[in-house]
Amino acid sequence: MDRYLWGRLRHQVGRTIALLVGIGVATASFVVLTGAARTTQLRTVGAVGRSYRSAYDILVRPKGSVTRLERSRGLVRPNYLSGIFGGISLGQYHEIEHLAGVEVAAPIAMIGYIVPRVTMDLALPSGVGNGQRVLYRVDNTWVYDRGLSRAADASGFAYVTRSALSTPLEIGPQGITTSEIVGGRQIPVCRYAGTQQGTGPFAASVRTFVGCYSPVTSGDQPAVVTVWSFPLLLAAIDPVAEARLVGLKKAMVSGRYLRAGDTLTAVDEGGTPGESVPVLSPTQPYLDQQLRQVIWRLPASAASAVLRAPLTPATAQRRFGATPGTLIGRAAVTADTAYRDLLADVASANPNSSGAGSIDSIWTPGPVGYAVAKGGLLLPRTVSNPQSIWAGALYQNGYLPAPLPSDDVQFRKLTVHQFATRSGELAPPVLHTVGEFNPARLPGFSALSAVPLETYAPPVAAPGNAAAGRALHGQDLLPSSNLGGYLQPPPLMLTTLSALSALSAHFPRAIAAKPISVIRIRVAGVHGVDPLSRARVNAVATQIAAKTGLSVDITLGSSPAPQKVLLPAGKFGRPALVLREDWSKKGVAVEVLDAVDRTSVLLFLLVLAVCALLVANAASAAVRARRTELGVLACVGWRNGKLFTAVFAEVGLIGLAASVVGAVVALPLSAAFGLSASPARAAIAVPVATVLTMLAGIAPAWRAARSQPAAAVRPAVMPSRRAHAPRSLPGLAVTNLLRAPGRSLIGALSLAIGICALTLLLAFTLAFRGQVVGTLLGDAIAVQTRRVDYVSAVVTVVIGAAAVADVLYLNIRERVAEFATLRAIGWREATLGRLVTLEGAGMGMTGSVAGAGSGLALAAAFSGSLHAGLIIAAVLAAVAGVVIATLAAILPARLLGRLAGPQALAQE
């Protein structure tokens, strides 16, 4: 048997080499292409909720921004925007918004806190009673944390006299001095702060107000002025995307909506050139804070003491802060009231109040860190921030009058970015409100659970914790003006990405080269949390992770996940509180994997399948060509099993040798293309290709085992079933194909498989931009096309075309006498060549139409609709198949003269 097999391989060396090349190419292609099939995928674990869908389905954050606690518990923290300032480039955003399946991509670029100032005037009685002069003191207390925190601020002092006052216009080294005219003499009574450096942002010398009034001189109403430093979290958005995602434009109550092209505009701030920043402002600030004021009239001795030493911010608190007096009134200013006054100032691009709407610095807070106690209790870690973050050359006394709650316990590290002047521009930019919106008008808005840009759930007392419940009186805990506090107000002061780019020139360190903090994605075709919708969301999330490398969270089906938080006691009276904070449980847990794309592997297997058809056809042709030999072997006593073994072993040896060669060649080839084809994968390909080759050889070997002596005289091909002779060259081509229908069917089927795959890829690319989600056998499946998939489809088509050429070659070999006869009776060589080419075109048309039709049907069934793009893809694939098959027929046609010469007729 061994000698027989070796003799057969040597005797048909051409056929052996052809099979070796075909199988080797298929094996090498499989190994190389599977090396290119590794892709980034998302593994989703867990059950998705059945009813909830927020405004967006996917949350994209910068790489590394997901905290360890979020990752370990599968959560998204409330205030997830706090602490994320940039990390996503504009290029990545535009790439994401154009991905297949993305309906809306809405970015948020967190800029940071700005702290504009608004002055609050508290009017005092203008009279002085029975005396000549009077001194008023106004004690200021900031109340927040639902009344639990009470921070006593520096007092304000107003000196009122019946005498005339004199104030020079120039500012001296010690500031401005106001003098009272008594008996023709000018006695200093008020000295306002000069340019001396203060001792800190929370020092009384920086925060104390002093004022002197006389009804004789000006007639001004006596008042104490308090500066309310108002922290506002500024963010940049895409107005069009935000309107589509959350309906922000419908929430407008005054002014106009932002336009995408809105940017900084030049203004004149009292003779100093500057720029204004267009913003949308909310109707209320969502801060829990009050300024409570108590008005005292101090004794006459205190007023007389002012004549001996003037009032100054540095000394007034020390001299008169604890002086008993007569209570004459109380007042309270809420954050809402102060905010409305601020909006009135910034409504014009030229604020008329010092610091109102001014962006002289930007503060960026970091995220909160947690320790985890027994039972999963979260313990926020406290931090310290230096007072230097409030310092700046643009501020009087060198420090911003920082909001006093920012002197409370800190949980976030703050970074300050000061205004950087450019040539010819000395004034910092100012806010300019182009319109106001009411967040309560947004769909699904709740003051306690959501704001337009992020999940925001203020904590409440933890169930079962009576102390926290009594302290909060059943209310939730809201943010204050503490920039480093545990709670942060949401970003509600909104500008445009265009303005952000212009603003970066003034704050180059605050606004990063990758300015976007998060992108919220709504996926097209998602109608709930059904399997098909989930598959669509997962497909888009996979694309984003693969193309950008950003952190991706699937929020579809997310639900509240209450966490217990032990908030440490504050500095100004708030006790430690055990709170329940609603974090968001993601619909599924997401893990980025480096995995093999199943769709690509399926296409690569088609390469081997078409190769198996090529082997089956070649083996069948060998059996048919050796029918005389096999018949003689049967006559001399070879049993059916021995005949089967002879053919089967021959095919198996060729398959084994070819697969080994192909696998070995694939390794350096993969390395040359920079692909990860491991020796292990190459080793696996050898038995796979060998088994497929042997399976393809079973049918021919079975036919060989049934050989009979009569086979030696049986014709090689079937006679035509047509009753009349064909009258045209195409008709004769069809007749010739029908004479060996099995062989012709194998050629057409080989090409049809490749054309079917190519049709599907073209359909998904043209109709669905490279990705489609559909159902298969009741399961939702997402398919994404990649360049390597097209390579595998093309390889499959090429091998199919090779099968067509092989069929034509075998036909010519078995009909050499017939072609020689036609040449002898006068047929031209060109006519015979056209006949063979038409046979190839006919086989190609049959396979291409069948493959394109099958691909069209599969694509339509998978996607659930018949798009025009699907039909175009099918037509293109079918035309390509016919053209390739026709070109493949040229080689056998050119070999016709060499095979069907006069010697063939002589042999016949």
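1. Basis. The model is predicted: local features need pLDDT of at least 70, side-chain atom pairs count only at pLDDT 80 or more, and totals for chains, interfaces and linings use all residues. Residues are numbered from 1 along each chain as its sequence is written, and side-chain values use heavy atoms, with hydrogens and water left out.

2. Disulfide. One disulfide (a pair of cysteine sulfur atoms within 2.5 Å) is found in a search of the whole structure. Its partners are C190 and C212, with the sulfur atoms 1.6 Å apart. The link of C190 and C212 is right-handed, with 80 degrees about the S-S bond. Because C190 belongs to strand 11 (residues 185-191) and C212 to strand 12 (residues 209-213), the pair ties together parts 22 residues apart in sequence. Strands (E, at least two residues) and helices (H or I, at least four) are DSSP runs, numbered from the N terminus.

3. Cysteine burial. Buried denotes under 20% relative accessible area, exposed over 50%, and partly exposed the range in between (1.4 Å probe, protein chains only). C190 is buried at 0%, and C212 is buried at 10%. C756 is also buried, with a relative accessible area of 14%.

4. N140. This residue is placed in strand 6 (residues 133-144) and counts as buried at 5% relative accessibility. The side chains of N140 and Q293 are joined by a polar contact of 3.0 Å; such a contact is a pair of N or O atoms within 3.5 Å, where within protein one must be able to donate a hydrogen and the other to accept it, and residues adjacent in sequence count only if both atoms are side-chain atoms. With contact taken as heavy atoms within 4.5 Å, N140 touches residues including D153, T226 and R292, residues up to four places away in sequence not being counted.

5. R522 in strand 27 (residues 518-523) and E103 in strand 4 (residues 102-114) are 419 residues apart. R522 is buried at 16%, whereas E103 is partly exposed at 34%. E242 and R520 form a salt bridge at 2.7 Å, N to O. Since E242 lies in helix 6 (residues 239-246) and R520 in strand 27, this pair ties together parts 278 residues apart in sequence. E242 is buried at 0%, and R520 is buried at 0%.

Technical notes: Salt bridge = Lys/Arg side-chain N within 4 Å of Asp/Glu carboxyl O.
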